[in-house]
Amino acid sequence: MTYKQALTEERDVKKLSGIAEAAISPYTIVTFGSANGVVNAVNANSVPIGVSGDASENNKSTYAAGDPIVIKYDGVVYVKLAGTVERGALLCASTGGAAIALTASGWALGIAMGAGVAGDVIPVLLRQHFKAA
């Protein structure tokens, strides 16, 4: 019997290392900071580098300013939601780096592989790109 990974698992993940310039929660969208580090993306105008890890590499539950941070930039990864999204929706950043559905032009993080509501963590296929109006 062949094992098939479900669309609800993290898989084929590529990672970068960075430094948090401010507090960053797990599974949130990050963008370029002002001092060669990363910060939470805050809206669809923020270029999404990727998604923060779970902070376990620092033996913490969140990243603090100055902490090394894992940035997942490709693959299917978990992302925290700030609103209701449907499976297949394009996602962008919202306050605190959580994801919402992209409804106008802006930077898309990727495609929701499952549905969810604010506070949920869902799998997302990362496909960063700019969506024109």
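Leaving aside its neighbours within four places in sequence, Gly97 is in contact (heavy atoms within 4.5 Å) with Thr28, Ile29, Asn40 and Ala41. The model is a predicted one, in which local features need pLDDT of at least 70 and side-chain atom pairs count only at pLDDT 80 or more, while totals for chains, interfaces and linings use all residues. Residues are numbered from 1 along each chain as its sequence is written, and side-chain values use heavy atoms, with hydrogens and water left out.

Gly97 is placed in the loop between β6 (90-93) and β7 (99-101), where strands (E, at least two residues) and helices (H or I, at least four residues) are DSSP runs numbered from the N terminus. With a relative accessible area of 0%, Gly97 is buried; here buried means under 20% relative accessible area, exposed means over 50%, and partly exposed lies in between, with a 1.4 Å probe and protein chains only. Between the C-alpha atoms of Gly97 and Arg87 there is a distance of 19 Å, although the two residues are 10 apart in sequence.

One of the residues that Gly97 touches is Asn40, which belongs to strand β3 (residues 38-40). Asn40 counts as buried because its relative accessibility is 16%. Once neighbours within four places in sequence are left aside, the contacts of Asn40 are Ala23, Ile24, Ser25, Thr28, Ile29, Val30, Thr31, Gly96 and Gly97. Two of these residues also take part in polar contacts, a polar contact being a pair of N or O atoms within 3.5 Å; within protein, one atom must be able to donate a hydrogen and the other to accept it, and residues adjacent in sequence count only if both atoms are side-chain atoms. The side chain of Asn40 reaches the backbone oxygen of Ile29 at 3.4 Å, and a polar atom of that side chain lies 3.3 Å from the backbone oxygen of Gly96.

A polar atom of the side chain of Asp67 lies 2.8 Å from the backbone nitrogen of Ala64. When neighbours within four places in sequence are left aside, Asp67 is in contact with Gly18, Ile19, Ala20, Asn58, Lys60 and Thr62. The loop between β4 and β5 also holds Asn59, but Asn59, at 75% relative accessibility, counts as exposed. Asn59 and Lys15 are 44 residues apart in sequence, and their C-alpha atoms are 18 Å apart in space.

Asp12 has a phi near 50°, which is a positive value in a residue other than glycine, and its place is in strand β1 (residues 11-19). At 61% relative accessibility, Asp12 counts as exposed, and, with neighbours within four places in sequence left aside, Asp12 is in contact with Asp74 and Gly75. The C-alpha atoms of Asp12 and Asp54 are separated by 17 Å, the two residues being 42 apart along the chain. For Asn36, phi is near 70°, again a positive value in a residue other than glycine. Asn36 is placed in the loop between β2 (29-32) and β3, and with a relative accessibility of 81% Asn36 counts as exposed.

For the chain as a whole, there are zero helices and nine strands, and the pattern read along the sequence is β-β-β-β-β-β-β-β-β. The radius of gyration, 14 Å, is close to the 14 Å that the globule rule gives for 133 residues, so the chain is as compact as a globular protein of that length; this radius is taken over C-alpha atoms, and the rule is 2.2 Å times the number of residues to the power 0.38. Along its principal axes, the C-alpha trace spans about 45 × 40 × 25 Å. Buried residues make up 42% of the 133 residues. Among contacts between residues at least 6 apart in sequence, 55% join residues at least 24 apart.
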